[in-house]
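Please keep the sequence and the model in view while reading.

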Amino acid sequence: MPARTTPTAAPDSQVPEEAVTPLIRGIAVLEELTSAGGTMSASALERATGLARSTVDRIVATLARMEYVRLDGRDAVLTPRVMELGNAYLAALRLPALLGSRADALADALDESVSLAVADRDGIRFIHQATRRRAMSLSFRIGDLLPAERTAPGPLFATEWTDADWTRWRTRRTTDPHGRTFPAVPPAPHTRPAEDPDQEPEKDPDEDFVRRTERAAADGWSLDDQLIEPGLVAVSAPVRDPRTGRLACVANVVSHTSRHTAADLRDTLLPRLRTTVAEMEEDLRQAPPAEPGPAPAGLAVWTGASKHELGREFIESLARGLTVLTAFGEGRESLTLAEVAKATGLARATARRALITYDHLNLVAQTPHRTFTLTPRVLSLGFPPLAGTPLPRLAEPHLRALTDRIQETTHLAALTETGDEIQCTARVTAHHVMRVDIRIGTRLPATTDTAVGRVLLSRDDHDHDHALTDEELEQGVRTLAVPIHDRAGRTIAALATSTHTARRTAEDCVDTLLPALTTTATHIETALHTASRFTPVPLT
């Protein structure tokens with residue numbers, strides 16, 4: 001089976017001679033995992049990519065060493081660590097950090113979902129989402145790619161397309177008229193001619209998109225009247241870069257026809273959207289230059305050591321190539337080849353070949369100033385399936401590893417929204433005849449009578465790094481808990497284990513279990529901090 005050609009990559013015959021083949025193959029595996037929702041078996045990856053099974057196994061082993069995937073039986077599963085690639089793009093872009101709070105405030109004011117989108121060739125990608133929690137809510141995630149012609153932002157971006165952009169779009173529309181290369185949206189319906197001569201035929205979607213683009217250019221805003229699926233409507237307005245006057249992003253308000261028609265969005269919500277857009281543009285105008293954060297350190301040494309340890313199973317050129325993407329970030333939006341090499345510790349020749357490969361794959365773009373920038377397509381490398389993953393799901397594999405290690409039941413708990421109860425949000429049970437049975441969803445009063453309560457109610461008191469209760473919840477039960485902190489250092493959850501007094505003394509709990517819980521809490525916090533940098537992580 002031939003390898004799949006991604007819709008935005010150049011044909012195989014145009015692959016540059018200096019491109020890194022293992023890196024191209026590794027990117028293909030990451031994109032297939034992303035399209036599949038984050039989990040695929042090795043055999044499924046073999047079929048999807050057309051790569052040999054041995055090659056797939058080596059790629060997965062390398063990604064696992066980098067902690068971008070974990071192995072779960074026969075499956076490769078994306079982990080939050082892979083989100084550092086998308087985080088590098090979003091940090092370099094700065095728009096989510098500068099404009100996200102405005103979008104959130106607008107969502108609160110309108111009680112509707114609000115998003116920010118950027119152009120990705122002939123599609124759009126979301127870079128920020130402020131969604132409403134309803135029975136029927138928006139399922140799009142940060143990083144999702146949508147076809148321009150089926151969105152409200154699309155016509156606005158198309159107003160800046162060149163002739164080459166229009167040619168690319170028409171080619172894609174010819175080869176993929178129903179948008180099957182965009183897994184985030186349902187396939188477009190077939191356009192049927194009118195069977196009755198007196199019946200008006202359905203609109204040609206291509207001609208309709210051209211007309212919508214002309215209207216967007218004239219009006220300065222755009223509508224989506226159920227183009228994605230029945231009932232979904234949206235209105236968009238452009239946010240312009242004050243330095244260039246060109247589109248920086250598009251702000252988008254999404255609703256359902258049960259609440260607003262498309263015309264109603266235009267008449268009632270568009271004025272408020274435009275006010276917010278003006279505020280966003282002023283924020284961009286007044287934003288000070290970004291201060292460069294610390295660049296990744298020691299990556300070249302790490303990849304070399306991993307190769308020495310794992311041998312042939314570790315693809316060093318793939319690992320080194322992926323580290324190049326993490327060289328970018330806040331204050332490092334545009335880098336020269338020398339700056340990339342310095343940031344990663346790679347030889348200039350190695351960094352150059354990686355950048356040539358990424359340019360071919362449309363993951364980086366060259367500027368007229370001989371620098372490189374990341375493109376929105378970097379978000380296709382594992383970000384969407386993990387965006388918005390709840391904390392219990394992030395923590396679950398770590399709980400399983402902890403339970404296997406200490407052979408005791410472990411669980412995660414958080415305060416409810418009202419703050420007067422503690423809720424168990426995740427657990428992994430140990431195999432004992434006598435075991436503590438605290439089920440997911442169990443609620444207890446938020447008091448300091450329990451170890452979890454003491455951790456959660458002490459909140460940000462870092463002098464209390466753990467709590468141990470001895471038969472206070474129930475006779476014969478000892479519980480040990482440690483805090484889980486968010487990026488700001490606030491205690492947002494507790495990791496706990498409960499055991500029977502006949503199995504472990506209080507001293508044994510502190511000497512043996514506490515180090516294991518503390519280490520696991522650190523792993524959970526690392527995953528949480530990576531996942532929550534640009535996307536909110538629900539606690540339940």
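This is a predicted model: local features need pLDDT of at least 70, side-chain atom pairs count only at pLDDT 80 or more; totals for chains, interfaces and linings use all residues.

Q: Why are helix 1 and helix 3 called roughly perpendicular?
A: The axes of helix 1 (residues 21-35) and helix 3 (residues 53-65) cross at roughly 80 degrees. Angles of 65 to 115 degrees count as roughly perpendicular, and the two helices are therefore described in that way.

Q: What makes the contact between helix 1 and helix 3?
A: The axes come within 10 Å. Helix 1 contributes Arg-25, Gly-26, Val-29 and Leu-30, and helix 3 contributes Thr-55, Ile-59 and Leu-63. By class, four of these residues are nonpolar, two are polar and one is charged. Gly counts as polar under the classification.

Q: How do you know that Leu-63 touches Val-29 and Leu-30?
A: Contact means heavy atoms within 4.5 Å. Leu-63 touches Val-29, Leu-30, Tyr-68, Val-69, Leu-318 and Leu-322, with residues up to four places away in sequence not counted.

Q: What makes a set of residues a nonpolar core, and how many residues has the largest one?
A: The members must be buried and joined through side-chain atoms within 4.5 Å. The largest nonpolar core has 113 residues, and Leu-63 and Tyr-358 are among those with the most contacts inside it. Helix 17 (residues 506-531) gives the most to this core, namely nine residues. Another core, of 18 residues, lies apart from it and includes Ile-124 and Phe-182.

Q: Why do strand 15 and strand 16 count as paired?
A: Pairing requires at least two bridges. Strand 15 and strand 16 (residues 477-485) have four bridges, in the antiparallel sense, and are therefore counted as paired. Thr-479 of strand 16 is the bridge partner of Thr-469.

Q: Why are strand 6 and strand 7 said to stand at the edges?
A: The open sheet has six strands in the order 6-5-4-9-8-7, with antiparallel pairing. Strand 6 (145-147) and strand 7 (222-225) each have a single partner strand, so one side of each lacks a neighbour in the sheet.

Q: What joins strand 4 to strand 5?
A: Seven bridges join strand 4 (residues 113-120) to strand 5 (residues 123-130), and the two run antiparallel. Val-118 stands opposite Arg-125 in strand 5.

How values were computed: Residues are numbered from 1 along each chain as its sequence is written. Side-chain values use heavy atoms; hydrogens and water are left out. Axes are lines fitted to C-alpha atoms, for helices over the stretch in contact, and angles run from 0 to 180 degrees between N-to-C directions. Angles under 35 degrees count as roughly parallel, over 145 as roughly antiparallel, 65 to 115 as roughly perpendicular and the rest as oblique. Buried means under 20% relative accessible area, exposed over 50%, partly exposed in between (1.4 Å probe, protein chains only).
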